[in-house]
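Please open the model in your viewer and keep the selection tool at hand. The stops below go from the whole chain to single residues.

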Amino acid sequence: MKLIQSICKASLVLAAVSLFASPLQAEAAPYEGYTYSYWWDTIPTPNAYIPAGTVDGSGQEIGQLKEPTDMYVAADGLLYVLDAGNGRIVVFDEKWKAVREIRGFVREGKREQFASPQGIFVTKDNHIYVADTENHRVVELTGEGAFVREIGAPQSEVIGAGFQYYPIKVAVDNAGRIFVVGRGIFDGIIELDADGAFTGFMGTNRVKFDPWDYFWKQLSTKEQRSKLAQYIPLEFNNLDVDSEGFIYTTTGDLTSNDPIKRLNPSGEDVLRRKGYLDPVGDVYSGNISQRSLLIDVKVGDNGIYSALDSRRGRVFTYDQDGYLMYIFGRMGEQEGTFRTPVAVERRGDQFLVLDKDMNRITLFKPTRYGTLVNEANDLLVSGKYDEAEGKWRELLRLNANNEIAYVGIGKVLLRQGEYKQAMEYLKLGYDREYYSKAFGKYRKEMVRKYFGAAMTFVIVFGVGLWCFSIFRRRTRRQVKANVT
């Protein structure tokens, strides 16, 4: 009997240990969470996202992925993976079951295949656009893989005779306009109308003129000038479209000071950069070789967007004002790390990262910390300030150094009319712009509050001073009269 009781007690202890150990294991990640302070210093934070598994196609009838190059989450939640090594498109449902495989298409009775496709986009009506790179075309298919049309190289007088068309990424806005990123194209993004006709280039990266380099070029010989760096615009390497039709882009060059842009229909960059650090990925001052190389951008809800760094395998997420919300991921060999990350997608509150070399997709889920950051920002944008404040304060209990939480609370207090308290929190968050707004509001409030009393005092003081001066003059006259 005692033996049975001992076994039961041991079983209960093991069950309790397992119960409490599993959440800790779930929160584990092969990297440390961090962010940047106002002074560009890295500071540790709880992990916002942790790996929650991988998918490579093995164990299913489709077989394993091979050198996948891109992926896209459609409006209905299906994930379209461009499996370039196998020359196909694989479609996964939300339970990671392969529901469809598209191996090329039939065109006018003839079977055609993809040739090193690099980009994929799916519209709201589930039409698939593929940047069929080595075939020099963009192909439109139905969701089932039936051929719709082929869009070849753009034709225009503004395009030179030696133009070579290698589309690598494609996106379509709500109006049906098609945007193509071409390899080796420095004029900007190729814009096509809904019929596929070329309408122009948009968003050209401007060349920054350096007077010092120009001076030395004037003193150099022809041979020396040919070896110097040329002033060539930087080319885009990826793009995404938000719900308002704005184009988010990334520029694949370490020298770019604006690697992420948000282009309006005129091609002007309207990305908000209100944070104390611009959206550039990792921050390294003085050493350009240490900068992040951003190769993909994914736009979420409420103006949130995430960029993928191919050099360190990190995903940087920013809010609508350009504040860095959180960072996760790293390069490595274990689960949750990457070897050659090429694409990032978002499905609900989860992130997906595609690794071309490891031939797999890594799924990331939010921790309590990451959930609070997302929920607080969503509530703030939605105008639910009281609820947002509660989330930000809970977030500070998890990380007292989270400056974006101080800014969030400060913005809430500013909208609630608590200007003095807002100033205190915005100061802790180093937000000069909103601190100035709070200070201006607070100054007006103080003027309105004390203006009446101040003016009464001034009037009473002025009247008293006037009466005193009259009394003094009369007193002096009487004294003079008595003397005479």
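How many helices and strands does the chain have? The chain has eight helices and 27 strands, where helices (H or I, at least four residues) and strands (E, at least two) are DSSP runs numbered from the N terminus. This is a predicted model, in which local features need pLDDT of at least 70 and side-chain atom pairs count only at pLDDT 80 or more, while totals for chains, interfaces and linings use all residues. Residues are numbered from 1 along each chain as its sequence is written, and side-chain values use heavy atoms, with hydrogens and water left out.

Next, select Arg312, which sits in the loop between strand E22 (305–309) and strand E23 (314–318). Arg312 is buried but has no salt bridge, and the nearest side chain of opposite charge, Asp309, is 4.0 Å away; a salt bridge is a side-chain nitrogen of Lys or Arg within 4 Å of a carboxyl oxygen of Asp or Glu. Beyond its neighbours within four places in sequence, Arg312 is in contact (heavy atoms within 4.5 Å) with residues including Asp282, Tyr284 and Arg330.

Then move to helix H7 (residues 419–428), whose buried residues are Tyr419, Ala422, Met423, Tyr425 and Leu426. Just after H7, Tyr430 takes a positive phi of about 60°.

Finally, select Lys444 in helix H8 (residues 432–483), which counts as exposed because its relative accessibility is 53%.

Methods
Buried < 20%, exposed > 50% of the residue type's maximum accessible area, 1.4 Å probe, protein only. Lys, Arg positive; Asp, Glu negative; His and termini not counted.
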